[in-house]
Amino acid sequence: IIVDQKSIDTLILYFKDSTQTYQSIQTGQSELYANRKYKFNTLVLDLPLTGIGIHDYYFKMVSHISNFPIKLVAKAEFNKLSLKRNIIQGIFMGFIIMMLLYNLFIYFFERDKNFILYVLYVLMNGLLVCGYKGYLDLFIPGNQNLIVFSLPAIISLNCLTLILFSRNILELPQKFNVANRI
């Protein structure tokens with residue numbers, strides 16, 4: 001089962017085993033990435049199938065998000081999906097890194113403040129996408145609290161760098177002093 005939401009604090013799957021006693025499997029953002037069975041950017045649980053027939057499964061969730069997709073896929077399909085997602089995310093992050101390096105290179109030759117502000121803005125956007133897609137676990141291993149609390153800080157820094165870059169590129173203090181004060 002793929003639960004396509006990274007921001008779930010705790011997700012517990014309850015099921016009956018072959019002796020008809022309830023067992024549970026737990027995952028979530030509170031679990032360290034290194035301790036997860038599947039190294040995937042969202043949450044993945046094995047669905048224990050005991051015999052042929054109809055089975056009941058129950059979820060218990062602790063989260064501030066209540067709307068998220070759940071996909072039931074076979075292991076081979078999961079591997080394809082995982083590979084496809086990682087390739088697409090890798091291409092995106094490669095593009096972000098390329099933009100960072102290119103504009104940093106230009107900044108070193110031009111010494112224009114706009115380029116360094118743009119580099120900071122692109123960096124914050126890249127970190128924001130990594131946070132929402134669940135890839136910050138790869139860059140900050142072992143500290144889930146830092147990851148959970150870093151996302152609001154990244155959003156704030158992203159907004160701040162956007163404001164600074166826009167203000168500087170539009171030359172608001174020189175050309176539109178009234179708009180600059182707002």
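**Entry 1: ground rules**

Before looking at any sheet, I note that two strands pair if DSSP finds at least two bridges between them. Strands themselves are DSSP runs of E with at least two residues, helices are runs of H or I with at least four, and both are numbered from the N terminus. This is a predicted model, so I keep in mind that local features need pLDDT of at least 70 and side-chain atom pairs count only at pLDDT 80 or more, while totals for chains, interfaces and linings use all residues. Residues are numbered from 1 along each chain as its sequence is written, and side-chain values use heavy atoms, with hydrogens and water left out.

**Entry 2: S2 and its partners**

I started with S2. S2 and S3 pair in the antiparallel sense over six bridges, and Leu-13 has Ile-25 as its bridge partner in S3. On S5 (residues 57-62) I also find six bridges to S2, again antiparallel.

I use buried for under 20% relative accessible area, exposed for over 50%, and partly exposed for in between, with a 1.4 Å probe and protein chains only.

The hairpin of S2 and S3 has five residues between the strands, and Gln-20 there takes a positive phi near 65°. Most residues other than glycine have a negative phi. Gln-20 counts as exposed, at 53% relative accessibility.

I then looked up Arg-111, another non-glycine with a positive phi, of about 55°. Arg-111 is in the loop between H1 and helix H2 (113-133), and it is exposed at 56% relative accessible area.

**Entry 3: the other sheet**

Next I traced an open sheet of three strands, ordered S4-S1-S6, with antiparallel pairing. Strand S4 (43-44) and strand S6 (70-71) are the edges, each with a single partner strand, so one side of each has no neighbour in the sheet. S1 (residues 2-3) is joined to S6 by two bridges, and Ile-2 has Lys-71 as its bridge partner in S6.

**Entry 4: cores**

For a nonpolar core I take a set of buried Ala, Val, Leu, Ile, Met, Phe, Trp, Tyr and Cys residues joined through side-chain atoms within 4.5 Å. The largest has nine residues: Ile-1, Val-3, Ile-8, Leu-11, Leu-13, Phe-15, Leu-43, Leu-45 and Phe-68. Strand S2 (residues 10-16) gives the most to this core, with three residues. Apart from it lies another core, of eight residues, including Met-93, Cys-130, Tyr-135 and Ile-154.

What does Leu-45 touch? Not counting residues up to four places away in sequence, I list Ile-1, Leu-11, Leu-13, Ile-25, Thr-27 and Phe-59. Contact here means heavy atoms within 4.5 Å.

**Entry 5: cysteines**

How many disulfides are there? The count is zero, taking a disulfide as a pair of cysteine sulfur atoms within 2.5 Å. The reason is simple: the sulfur of Cys-130 has its closest cysteine sulfur in Cys-159, 17 Å away, which is too far for a bond. Cys-130 is buried, at 1% relative accessible area, whereas Cys-159 is partly exposed at 43%.

**Entry 6: helix residues**

I found Arg-85 in helix H1 (residues 75-110). Is Arg-85 buried or exposed? It is buried, with a relative accessible area of 18%. Leaving out residues up to four places away in sequence, Arg-85 touches Asp-4, Phe-40, Asn-41, Thr-42, Lys-71 and Tyr-135.

Thr-161 belongs to helix H4 (residues 144-169) and is buried too, at 10% relative accessible area. Its side chain reaches the backbone oxygen of Asn-158 at 2.9 Å. Neighbours within four places in sequence aside, Thr-161 is in contact with Leu-120, Tyr-121 and Met-124.

**Entry 7: charges**

Last, I checked salt bridges, meaning a side-chain nitrogen of Lys or Arg within 4 Å of a carboxyl oxygen of Asp or Glu. The count comes to one. Lys-37 and Asp-46 make it through their side chains, at 2.4 Å from N to O. Lys-37 is exposed, with 64% relative accessible area, while Asp-46 is partly exposed at 29%.

Technical notes. Polar contact = N/O pair within 3.5 Å; in protein donor to acceptor, adjacent residues only side chain to side chain.
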